Amino acid sequence: MPPTPLARAARVLVTGAALTVLAALAGCGSQDHADEALGTKAALQPQQQKKAQVAQGLPGMPPVLDPADVYAADRPNRLSPVVRDFPSRVYVPNTGSNTVSVIDPKTYKVVETIPVGVQPQHVVPSWDLKTLWVNNDRGNTLTPIDPRTGRAGKPVDVHDPYNLYFTPNGKYAIVMASLDRQLVFRDAHTMKTVKAVHVGCYGVNHADFSPDGRYFIVSCEFSGELLKVDTEKMKVIGQQKLPFHGSMPQDVKISPDGKKFYIADMMANGVWVLNGDTFAKPDFLPTGKGCHGLYISRDSREMYISNRGEGSISIFDFTKNKLTKKWHLPGGGSPDMGGVSADGKVLWLSGRYNSEVYAIDTRTGAQLARIKVGGGPHGLAVYPQPGRYSLGHTGIFR
């Protein structure tokens, strides 16, 4: 029996009320828009969110926020509830001192020095954002640091942890065992080995993932090669030699639109531009001597490229597809690895051969501070940062 006119009217009223309540609830959870000038984008409409979720590939991976920008979750100051109350700090692993220097970014001063294992290379945020892992490469351990308290916990035995990444679904940690010539997939929480993948290249060190998480690209520093790895199968599915004699690829970052991978090369003095899907021969973009680290601005428009051999930072504009600026550190330096502040206003980089850390204004390129730390500072982590989860290294967030 069809509904009466009165019933139809009641149904409309109930539906309208429900939509009003949902809208009010959504408003309660929204964040202020003070950061829109720095590139914050409007929220996706429900239909767009549905399409993004369908495009998701790796099982268990959080839905993609914006298919056109893999860094959509990294907008200024949009901290996850998990990290919102963490004190803002810069954690600097000193490979030559076996310590981590902790800097207060408000005062530009070292507030603590934490003893860790032998030759710490990188400080890596865990997938769930709750732990910072110090990669003690020659000490064959990972030291956990609680970013809420700044206290170090009991080291975990992990062999040759030069660098550390996490699968986009949070299931596995991936240890870049550089000297062992392995990619070691481990349980993301216990760090127990699940599968050790032997690779046919030397010096696996950095990586980044495709937008759907199905594969990741790895740089091999000592043999000048790139790998393409199937995430779910934990298997190398592509390998190529870079077309430059003596190539030493370093950091890897994907473009905001997910169509290209950029690979820094410290001997070629520039960045390789790779189509990850086809894994064809990459193009090359000269940037500066000792090209090393790659960092994305909070509005996804620019990439900061550290040129360690000449003390400079090149700026690549994704919208213009070209280099637009170059900042030189006063008096030189050796800018290496680092990250961008939560508000997007400061680029932090370690000075690998100068026992110092640089704070650089991302609007002007001016040096804000030069801070003395331990010997051989390397993969420093700025923490906390915006994002829903971490893919590893010094902070790759989605």
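Mentor: A cavity is a set of points on a 1 Å grid where a 1.4 Å probe fits but cannot get out. The model discussed here is predicted.

Trainee: How much space lies in the second largest cavity?
Mentor: By the rule for cavities of 30 Å³ or more, the count comes to three. For the second largest cavity, the space comes to about 140 Å³.

Trainee: Which residues lie nearest the centre of the second largest cavity?
Mentor: By class, the lining of this cavity divides into 13 nonpolar, one polar and four charged residues. The lining has 18 residues, and those nearest the centre are Val-64, Val-70, Pro-211, Tyr-389 and Arg-398.

Trainee: Which elements give two or more residues to the lining of the largest cavity?
Mentor: The largest cavity has a volume of about 180 Å³. Its lining comprises 16 residues, with Asp-74, Ile-296, Arg-298, Gln-385 and Gly-395 closest to the centre. The elements that contribute two or more lining residues are β21 (291–296) and β25 (335–340).

Trainee: How many charged residues are in the lining of the largest cavity?
Mentor: Sorted by class, seven residues of that lining are nonpolar and six are polar. The charged residues of the lining number three.

Trainee: Which are the edge strands of the open sheet of four strands?
Mentor: The sheet has the order β17-β18-β19-β20, and the pairing is antiparallel. An edge strand pairs on one side only, which in this sheet applies to β17 (249–254) and β20 (283–286).

Trainee: What is the bridge partner of Ala-264 in β19?
Mentor: Strand β18 covers residues 261–265 and strand β19 covers residues 270–274. The two strands pair in the antiparallel sense over five bridges. In β19, the partner of Ala-264 is Val-271.

Trainee: Is Leu-368 buried, partly exposed or exposed?
Mentor: Leu-368 sits in strand β28 (residues 367–372). Buried means under 20% relative accessible area and exposed means over 50%. Because the relative accessibility of Leu-368 is 35%, this residue counts as partly exposed.

Trainee: How far apart in space are Leu-368 and Tyr-358, C-alpha to C-alpha?
Mentor: Not counting residues up to four places away in sequence, Leu-368 touches Tyr-108, Val-346, Ala-359, Ile-360 and Asp-361. Tyr-358 and Leu-368 are 10 residues apart in sequence. In space, their C-alpha to C-alpha distance is 7.6 Å.

Methods
Residues are numbered from 1 along each chain as its sequence is written. This is a predicted model: local features need pLDDT of at least 70, side-chain atom pairs count only at pLDDT 80 or more; totals for chains, interfaces and linings use all residues. Side-chain values use heavy atoms; hydrogens and water are left out. Two strands pair if DSSP finds at least two bridges between them. On a 1 Å grid over the protein atoms alone, a cavity is a set of points where a 1.4 Å probe fits but cannot get out, and a pocket is an open set with protein on both sides within 12 Å along at least five of seven lines; lining residues have an atom within 4 Å of a point. Grid points are joined across faces, edges and corners, and a volume is the space filled by probe spheres set on the points. Ala, Val, Leu, Ile, Met, Phe, Trp, Tyr, Cys and Pro count as nonpolar, Asp, Glu, Lys and Arg as charged, and the others, Gly among them, as polar. Buried means under 20% relative accessible area, exposed over 50%, partly exposed in between (1.4 Å probe, protein chains only). Contact means heavy atoms within 4.5 Å.
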